[in-house]
Amino acid sequence: MTTSGRDAIFETLLESAKRLSFDPRDPLVCQPDSDGDEFHGMTPEWSPLFGTATWDSMAESERVRLTRSEVAQFLGVGIWLEVGLQVALLRASHSADPARSDVKFLFNECADENLHSLMFVNVIDSIGSHFYRRDRSLDFFGWLFRTIAWDEVAYGIVLAGEEIFDVMQRDWMASEDVAAPIRRACYIHVIEESRHMAYARQKIRTRLIKISRVRRFISTLVIAIGTHLVAKSLINRRMYEDLGLDWKVVGPEIAANEHHRIMFRRAAEPFIEFLSREGLLNFGARWIYRKSNLL
Ligand SMILES: [Fe+2]
Ligand SMILES: [Fe+2]
């Protein structure tokens, strides 16, 4: 594809952002939860505990409390990714010509991401949940990502997070079991992230042209490790312990939960298909994705 052809894609994405973007600070867009306490935080089938003995032993009100905490954990990871990707992508574009159409789209994307993070914080507050502290090891990997991730690796890990959340949030926004503020936030996020995903895919494709085999091999593995950490960070023992659940029981239950594995594989399917098309899946990467229940 020619340079002007690539630019046309970024201009189209900018035009689309002009036509259809949301401001979650607008009270008409984000209203408080007026439904009461009977609605879930996420579609119950997406709970990593769904179908386990612990899940089966819970009353419906306990399950609602669980999924509301789990959505806080998942969206907390979303915010962590949204902030990290901005640091990584802006760092790489700091000296670039700001009038370039891909850089202009990046500015638009960062504006979206900040409003998404703000929206998620407000939504979690409105359903009476709160965020949970991450493991220190994940904070270290977050630092590594935002400090050294290079082009295709940064966009690859960003895309992994965006694709996985896209599949889950399409379910949550359509689910009548889910609290209204979460459904509205998911609707906004799905629409705006579809542009981000198109942008990341295009940036990766462009970067892969004429890449050396050694660099492709290394980038393939680093994207897989980064994606593994994103998937791992969604399960936080502190969240389960905060609800009074014994991690020694629920940890192994989640690890052995075939339903949970199927859901995670479903969430990762579009991302894995993209990697396969672009030649970013090798033996080692496949092994890592299998270990993460993403393949
Ligand atoms: Fe976002
Ligand atoms: Fe995004």
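How many helices and how many strands does the protein chain have? Colour the chain by secondary structure and you will find 12 helices and 0 strands, where helices (H or I, at least four residues) and strands (E, at least two) are DSSP runs numbered from the N terminus. This is a predicted model, in which local features need pLDDT of at least 70 and side-chain atom pairs count only at pLDDT 80 or more, while totals for chains, interfaces and linings use all residues. Residues are numbered from 1 along each chain as its sequence is written, chains are lettered from A and ligands numbered from 1 in the order in which they are written, and side-chain values use heavy atoms, with hydrogens and water left out.

**The whole chain**

Begin with the C-alpha trace, which spans about 60 × 45 × 30 Å along its principal axes. Of the 295 residues, 52% count as buried, meaning under 20% relative accessible area, with exposed over 50% and partly exposed in between (1.4 Å probe, protein chains only).

Next, select the iron ion (ligand 1), which is coordinated by Glu82 (OE), Glu113 (OE), His116 (ND1), His189 (NE2) and Glu193 (OE) at 2.0 to 2.3 Å. Donors here are N, O and S atoms within 2.8 Å of the metal (3.2 Å for Na, K and Ca), and water is not among the atoms, so sites may look incomplete. Along the chain, the donors of this ion follow the spacing E-x30-E-x2-H-x72-H-x3-E. Distant parts of the chain are linked here, with Glu113 in helix α4 (residues 101-126) and His189 in helix α7 (residues 180-208), 76 residues apart.

Which residue coordinates both iron ions? It is Glu113, and the iron ion (ligand 1) and the iron ion (ligand 2) are 3.8 Å apart. Select the iron ion (ligand 2) to see its donors, which come from Glu113, Glu162, Glu193 and His196 and lie at 1.9 to 2.5 Å. Here Glu113 in helix α4 and His196 in helix α7 are 83 residues apart.

Now show the surroundings of His196: leaving aside its neighbours within four places in sequence, this residue is in contact (heavy atoms within 4.5 Å) with Phe105, Glu109, Asp112, Glu113, His116 and Glu162. His196 counts as buried because its relative accessibility is 0%.

**Helix α11**

At its N-terminal end, Asn257 caps the helix, with a side-chain oxygen 3.2 Å from the backbone nitrogen of His259. Further along, α11 bends by about 50 degrees at Glu269, and Pro270 follows within four residues; the bend is the angle between axes fitted to the seven residues ending there and the seven starting there. Among the buried residues of α11 are Met263, Phe264, Phe271 and Leu275, and the buried residues pack against α6 (151-174), α7, α8 (213-233), α10 (247-255) and α12 (283-291). After the helix comes Gly279, whose phi is positive, near 70 degrees.

Note on methods: A polar contact is a pair of N or O atoms within 3.5 Å; within protein, one must be able to donate a hydrogen and the other to accept it, and residues adjacent in sequence count only if both atoms are side-chain atoms.
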